[in-house]
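Welcome, and please take a moment with the sequence and the model shown here. A short briefing follows.

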Amino acid sequence: MKRRGRGPLGLLFRAEWHVRGASIALRHHLATRDRPPPTGERPHPLILVGDHLHPRYNPGRLIRTAEVFGAAAVYLIDVPRFDPGMAAGALDHLPVRHFDSRQACFDALARDGYTLVMLSTPGGPTTEPLQTASLPARAALVLGNEGRGLDVTPDEGPGAQWGT
């Protein structure tokens, strides 16, 4: 039995992987080009921050969830493009900002008066269940990667609250 990545099947697998990536890039470009920024006030000043999410499904789902809950915006850290089909039209109603680094995102949120709320798995640094936490009026919920979770140290988000 051959290992994945060698022989004709491996070549086919790698080609399919590159085609999928190109497809996401094209759909992202077509969905976001020349798009006017959404207008109007959002019901809640909450911002959802996706940190290093996998581009195929979860950024779009995060955007759709934020739009349903009336969040003010979605910030994506190190997610240069994503599959816009998963956002299901929420891009028309919700601003999405992209950041190259975690620090640039956290600085922008601090300038706008937001408090970071780091969401991690139970047992993280002084975590409190989100259901019982007292959230500030201008909260930015920071969610981590699907596989690794949130790999932020308390030093990277000074003054942040931690929740599960």
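Predicted model: local features only at pLDDT ≥ 70, side-chain atom pairs only at ≥ 80, totals over all residues.

Residues are numbered from 1 along each chain as its sequence is written, and side-chain values use heavy atoms, with hydrogens and water left out.

**The chain as a whole**

- The chain holds three helices and six strands; helices (H or I, at least four residues) and strands (E, at least two) are DSSP runs, numbered from the N terminus.
- Read from the N terminus, the order of elements is α-β-α-β-β-α-β-β-β.
- Of the 164 residues, 35% count as buried, where buried means under 20% relative accessible area, exposed over 50% and partly exposed in between, with a 1.4 Å probe and protein chains only.
- Among contacts (heavy atoms within 4.5 Å) between residues at least 6 apart in sequence, 71% join residues at least 24 apart.
- The accessible surface is about 9,800 Å², and carbon and sulfur atoms account for 56% of this area; the areas come from the Shrake-Rupley method with a 1.4 Å probe, and for residues only the protein chains shown count as cover.

**Strand S5 and its partners**

- Strand S5 (residues 139-143) is largely enclosed by the rest of the structure, because four of its five residues are buried.
- S1 and S5 run parallel and are joined by four bridges; two strands pair if DSSP finds at least two bridges between them.
- Strand S4 (residues 115-119) also runs parallel to S5, again with four bridges.
- Valine 142 in S5 is the bridge partner of valine 49, and methionine 118 stands opposite valine 142 too.

**The aromatic pair**

- Rings of Phe, Tyr and Trp (its six-membered ring) pair if their centres lie within 6.5 Å; planes under 30 degrees apart count as stacked, over 60 as edge-to-face and the rest as tilted.
- The count by this rule is one aromatic pair.
- Tyrosine 75 and phenylalanine 99 have ring centres 5.2 Å apart and planes at 50°, so the pair is tilted.
- The two residues are 24 residues apart and link distant parts of the chain, with tyrosine 75 in strand S2 (residues 73-77) and phenylalanine 99 in strand S3 (residues 96-99).
- Both tyrosine 75 and phenylalanine 99 are buried.
- Arginine 97 lies over the face of tyrosine 75, at 5.2 Å from the ring centre; a charge sits over a ring if NZ of Lys or CZ of Arg is within 6 Å of the ring centre and within 35 degrees of the ring normal.

- Aspartate 51 belongs to strand S1 (residues 47-51) and counts as buried because its relative accessibility is 2%.
- Beyond its neighbours within four places in sequence, aspartate 51 is in contact with residues including Ile77, Arg102, Val142 and Asp151.
- The side chains of aspartate 51 and histidine 52 are joined by a polar contact of 2.4 Å, meaning a pair of N or O atoms within 3.5 Å; within protein, one must be able to donate a hydrogen and the other to accept it, and residues adjacent in sequence count only if both atoms are side-chain atoms.
- Histidine 52 sits in the loop between S1 and helix H2 (58-68) and is partly exposed, with a relative accessible area of 23%.

**Positive phi values**

- Most residues other than glycine have a negative phi.
- Histidine 52 has a positive phi, near 55°.
- Aspartate 78 has a positive phi near 55° as well.
- Aspartate 78 is in the loop between S2 and S3, and counts as partly exposed at 39% relative accessibility.
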